[in-house]
Amino acid sequence: MLADLEMFVMVAEKGSFAEAARKLDVVPSTVSKRIAALEDHYGVRLFQRTTRSLSLTAEGRVLFDGGLDLLNRATALEQRLTQQSNEVRGVLSVTTIPAFGQLHLARLLPRFHRRYPDLRVELTLTDRVVDLVEENCDVAIRFGALPDSDMQARKLGENLYFLCASPAYLDEHGRPAHPRDLRARECLTDRAYPPLRTWTFDTPGERVVVEPDGPLQTEDPVARFYATLGDMGVAALPGYVIRDAVQRGALEIVFPEYPLRLGQIWALHTSRTHVPARIRAFLDFAVEELRDEVIL
């Protein structure tokens with residue numbers, strides 16, 4: 001309908017079907033057909049035609065005034081949408097798992113805010129897989145294998161887990177010399193997450209598989225982290241959880257040459273084309289900042 005109104009307004013302004021067709025880069029017969037369609041739609045005659053002149057009828061003048069106003073408002077709306085799409089402002093909704101959001105992403109958000117002060121972030125931390133379309137969420141940061149879905153994905157880095165323990169625990173029980181020695185250590189485990197039910201190490205000459213067992217089983221990496229800090233045993237923990245503790249000497253990595261590789265870290269979003277500027281800005285920031293941060 002807007003395209004037909006545009007043709008009608010152009011004919012009225014130029015006073016000629018041929019001039020309007022030339023301006024719109026179409027053949028004159030196309031303009032004639034679309035004007036006839038408008039007249040049939042409204043059930044009125046829009047132009048008085050003679051061999052020498054073309055003028056609006058009373059009904060045509062009403063449609064011209066209203067149509068011109070509608071086209072102007074449509075153009076203004078398009079400009080607003082284009083401007084908003086190209087400006088990093090508004091609200092960005094992001095979801096990820098609690099441990100990553102609390103211990104890693106949240107401490108990077110002040111840097112993101114300084115770069116884009118007009119953008120407000122709504123951060124949802126949940127272990128539930130959020131449906132981005134149904135729940136109107138912009139970006140999800142997820143871990144492991146790339147989901148088989150219609151989501152668009154940007155890889156942020158490797159999802160690496162490291163075996164670690166407190167210096168006090170290792171001083172008391174001895175530092176294992178080989179991954180097989182872990183079978184004689186107290187291990188804090190996560191039976192709910194299949195990739196962590198066994199620890200696999202590809203050492204030179206053999207693959208060592210350890211079935212961890214010990215005084216604590218929990219799916220919460222933060223709980224395992226604090227138990228490990230408290231000298232409770234050896235745990236497999238994400239690099240983003242233990243980074244600061246390792247740097248200050250509160251935890252030691254056991255066999256740093258053999259991290260457990262549990263897939264990748266992904267930023268997912270729904271937009272295939274015309275990705276809003278707020279989402280583009282966050283994805284670029286995430287790739288730039290998180291890729292180097294999540295690995296020790």
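Predicted model: local features only at pLDDT ≥ 70, side-chain atom pairs only at ≥ 80, totals over all residues.
**Notebook: salt bridges and a helix pair**

I started with Arg128 and Glu135, whose side chains meet in a salt bridge at 2.7 Å, N to O (a side-chain nitrogen of Lys or Arg within 4 Å of a carboxyl oxygen of Asp or Glu). Arg128 is partly exposed at 46% relative accessibility, and Glu135 is partly exposed too, at 38% (buried is under 20% relative accessible area, exposed over 50%, partly exposed in between, with a 1.4 Å probe and protein chains only).

Residues are numbered from 1 along each chain as its sequence is written, and side-chain values use heavy atoms, with hydrogens and water left out.

I found 17 salt bridges in the structure. Next I looked up Glu289 and Arg115, a salt bridge at 3.6 Å, N to O. Glu289 sits in helix H9 (residues 277-293) and Arg115 in helix H5, so this pair ties together parts 174 residues apart in sequence (helices are DSSP runs of H or I, at least four residues, and strands are runs of E, at least two, numbered from the N terminus). Glu289 is buried at 11%, while Arg115 is partly exposed at 36%.

Then I checked H5 against H8. The axes of H5 (residues 98-115) and H8 (residues 239-247) come within 9 Å and cross at roughly 60° (axes are lines fitted to C-alpha atoms, for helices over the stretch in contact, and angles run from 0 to 180 degrees between N-to-C directions).
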